[in-house]
Amino acid sequence: LKLMALEGYDPLADACAVCGRPDPEKPMLNLAEGVLHCASCKSEVGEGTSLPLTEGTLSALRHILYGDPKRLFSFTLDKPSLRKLADASEAYLMTQLERGFHTLDFYKSLHTETMTYDRTT
């Protein structure tokens, strides 16, 4: 996500793109438009998928995008919020670049195999 931002593909996450609220009510990230918005403002954002974010996920997203690069990973999230951040980041990347990544697919397959193996042992 930080690399996307450095390359000019950063989502606008400082406030709702429609109503301007700095802390959007039930925040969502529109993947195609690359903007943050309130759930109630979704119909005015435009086409495309919007993913819901938790408060923690939004804080982490903002930290990654706008925080000190030397402290890029200096945040903690619970597992569900971390998963939501990872899913939103991956979906945003794929939507903006309009392609998938074989290396990411391979990594995820290894992770899935490890998870399956851990459950059976």
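This is a predicted model: local features need pLDDT of at least 70, side-chain atom pairs count only at pLDDT 80 or more; totals for chains, interfaces and linings use all residues.
Before anything else, a word on pairing: two strands count as paired here if DSSP finds at least two bridges between them. By that criterion β1 and β3 pair in the antiparallel sense, over three bridges. Helices and strands themselves are DSSP runs, helices being H or I with at least four residues and strands being E with at least two, and they are numbered from the N terminus.

Residues are numbered from 1 along each chain as its sequence is written, and side-chain values use heavy atoms, with hydrogens and water left out.

Let me start with the overall picture. The protein chain holds four helices and three strands, and reading along the sequence gives the pattern α-β-β-β-α-α-α. Of its 121 residues, 30% count as buried, where buried means under 20% relative accessible area, exposed means over 50%, and partly exposed lies in between, with a 1.4 Å probe and protein chains only. The accessible surface comes to about 8,000 Å², and 55% of that belongs to carbon and sulfur atoms; these areas come from the Shrake-Rupley method with a 1.4 Å probe, and for residues only the protein chains shown count as cover. If we take contacts, meaning heavy atoms within 4.5 Å, between residues at least 6 apart in sequence, then 45% of them join residues at least 24 apart.

Now to the sheet. It is an open sheet of three strands in the order β2-β1-β3, with antiparallel pairing. The edge strands are β2, residues 35-38, and β3, residues 50-52, each of which pairs on one side only. Neighbouring strands are turned by 35° against each other on average, direction ignored, with axes taken as lines fitted to C-alpha atoms, for helices over the stretch in contact, and angles running from 0 to 180 degrees between N-to-C directions.

Between β1 and β2 the antiparallel pairing runs over four bridges. N30 has V35 as its bridge partner in β2, and N30 also stands opposite S50 in β3. M28, for its part, has P52 as its bridge partner in β3. The hairpin of β1 and β2 has four residues between the strands, and G34 takes a positive phi near 70° there.

Which residues of β1 are buried on its two covered faces? On one side they are P27 and L29, and on the other M28 and N30. Both faces of β2 are covered as well, with V35 and H37 buried on one side and L36 and C38 buried on the other.

Let me turn to the loop between α1 and β1, where we find both C16 and K26. C16 is buried, with a relative accessible area of 5%. Leaving aside residues up to four places away in sequence, C16 touches R21, P24, L36, H37, C38 and C41. The C-alpha atoms of C16 and L36, which are 20 residues apart along the chain, are separated by 5.2 Å. K26, by contrast, counts as exposed at 61% relative accessibility, and K26 has a positive phi of about 50° although it is not a glycine.

On the helices, α2 has 12 residues that should span 16 Å at 1.5 Å a residue, and its end C-alpha atoms are 16 Å apart, which agrees; the expected span is 1.5 Å times one less than the number of residues. Its buried residues are T57, L58, A60, L61, R62, I64 and L65, and what covers them includes α1, β1, β2 and α3. α3 has 19 residues and reaches 27 Å from its first C-alpha to its last, close to the 27 Å expected. S81, L85, A88, S89, E90 and Y92 are the buried residues of α3, and just after this helix E98 takes a positive phi of about 55°.

Of its 16 residues, L53, L58, L61, L65 and L85 touch the most other members. The elements giving two or more residues to this core are α1 (2-6), α2 (55-66) and α3 (79-97), and α2 supplies the largest share, five residues. As for L53, not counting residues up to four places away in sequence, L53 touches P27, M28, L29, L36, L58, L61, K84 and A88.

How values were computed: A nonpolar core is a set of buried Ala, Val, Leu, Ile, Met, Phe, Trp, Tyr and Cys residues joined through side-chain atoms within 4.5 Å.
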